[in-house]
Amino acid sequence: LAVEDCPWVRRLDFTLNAAARAVETGEVDVDDFDRDRRGRSARDLLTELVAWRPEAERLEPDDLVVCHGDPCLPNVLIDPETGICAGVLDLDRLGVADRYLDLALITRSMAASDLNDQYGATDATRLLQRYGVPAADDQRLEFYRLLDEFF
């Protein structure tokens, strides 16, 4: 999709502010944190997120795409006969963002989710390679996985 035609924005300034609001209003579901973050507070994770924020200015305009915002495997419908994507669900986080936002969440869904145990880390790496990211920026992937804890 064309970035310039998308009216919704999910860039870092927007999402970091939304994460801070979610912490302040008590909307963060701490019981849904990834395994390695369970037992921590939302405020603690927010402090880590803000300190770890990658420099948004280093992203080239070409790195911005229209992201789904939550492309975990249950939100992607695949035609079982053709293997082709037949649709997507849960578009409330759709918007212009760093492509790593979606890459981080789909690869986490493939590699570390109890809901998708038919996939694994090898499949996630293969997806990144087929997407055109042979040497993924692991720090950016982890940053966006941490950011996802607030939504």
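Biologist: How do the residues of the lining of the largest pocket divide into nonpolar, polar and charged?

Modeller: They divide into 18 nonpolar, 6 polar and 17 charged, where Ala, Val, Leu, Ile, Met, Phe, Trp, Tyr, Cys and Pro count as nonpolar, Asp, Glu, Lys and Arg as charged, and the others, Gly among them, as polar. Keep in mind that this is a predicted model, in which local features need pLDDT of at least 70, side-chain atom pairs count only at pLDDT 80 or more, and totals for chains, interfaces and linings use all residues. Residues are numbered from 1 along each chain as its sequence is written, and side-chain values use heavy atoms, with hydrogens and water left out.

Biologist: What counts as a pocket, then?

Modeller: On a 1 Å grid over the protein atoms alone, a pocket is an open set of points where a 1.4 Å probe fits, with protein on both sides within 12 Å along at least five of seven lines, and lining residues have an atom within 4 Å of a point.

Biologist: Which residues lie nearest the centre of the largest pocket?

Modeller: Of the 41 lining residues, Asp34, Arg108, Ser109, Ala112 and Ser113 lie nearest the centre.

Biologist: And which helix gives the largest share of that lining?

Modeller: Helix 3 does, with 6 residues, a helix being a DSSP run of H or I with at least four residues, numbered from the N terminus.

Biologist: Changing topic, which residues lie nearest the centre of the second largest pocket?

Modeller: Leu73, Val76, Ile106, Met110 and Leu127 do, out of 22 lining residues, and helix 4 gives the most to this lining, with 5 residues.

Definitions and conventions: Helix = DSSP H or I, 4+ residues; strand = E, 2+ residues; numbered from the N terminus.
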